[in-house]
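Student: I'd like to know where the labels we put on a structure come from. Could we go through some together?

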Amino acid sequence: QVRLMERGGGLVQPGGSLRLSCSSIGTIFNIRAVGWYRQAPGKERELVASMTKSGKTTYDDSVEGRFMISRDNARTTIYLQMNNLTAEDTAVYYCKLGGSGESTTGGYWGRGTQVTVSS
């Protein structure tokens, strides 16, 4: 059974940083694309950042230059480094293993971790 477990959410002040991690078990990790999504109250879930199996990254315009996605295939873990956080980044963040090496479509979801940016 595939399981994804996010860690690292919490409360942070504007301008601060957080690092999310997502560990996976139960599947072959390094052949899949990975991604981080978020869902704010009253809004649809949106893709924040993704990385193909070969390491190509994409970012939503709203986080470009502030967030960085990475992966450790040996540890089957995905990371999201978030810097210069603003209130607009407040959301539940979900990690995902894609159904293929090039896309996060399909695949598996984590349960989410809350990130709250507030003074």
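**Labels and their cut-offs**

Student: Why is Gln-39 called partly exposed?

Tutor: Its relative accessibility is 28%. Buried means under 20% relative accessible area and exposed over 50%, with partly exposed in between (1.4 Å probe, protein chains only), so Gln-39 counts as partly exposed. A word on the source: this is a predicted model, where local features need pLDDT of at least 70, side-chain atom pairs count only at pLDDT 80 or more, and totals for chains, interfaces and linings use all residues. Residues are numbered from 1 along each chain as its sequence is written, and side-chain values use heavy atoms, with hydrogens and water left out.

Student: Which residues is Gln-39 in contact with, leaving aside its neighbours within four places in sequence?

Tutor: They are Glu-44, Arg-45, Ala-91, Val-92 and Tyr-94, where contact means heavy atoms within 4.5 Å.

Student: How do you know that Cys-22 and Cys-95 form a disulfide?

Tutor: Their sulfur atoms are 2.0 Å apart, and a disulfide is a pair of cysteine sulfur atoms within 2.5 Å. The pair links distant parts of the chain, with Cys-22 in strand S3 and Cys-95 in strand S9, 73 residues apart. Strands (E, at least two residues) are DSSP runs, numbered from the N terminus.

Student: Why is the disulfide of Cys-22 and Cys-95 called right-handed?

Tutor: The torsion about the S-S bond is about 50 degrees, so the disulfide is right-handed.

Student: And what makes Cys-22 and Cys-95 count as buried?

Tutor: Cys-22 has 0% relative accessibility, so the buried label applies. Cys-95 is buried too, with a relative accessible area of 0%.

Student: Why are S1 and S7 called edges of the sheet?

Tutor: Four strands form an open sheet in the order S1-S3-S8-S7, with antiparallel pairing. S1 (3–7) and S7 (67–72) each have a single partner strand, so one side of each is left without a neighbour in the sheet.

Student: How do you know that S1 and S3 pair?

Tutor: Two strands pair if DSSP finds at least two bridges between them. S1 and S3 are joined in the antiparallel sense over five bridges, and Glu-6 has Cys-22 in S3 as its bridge partner.
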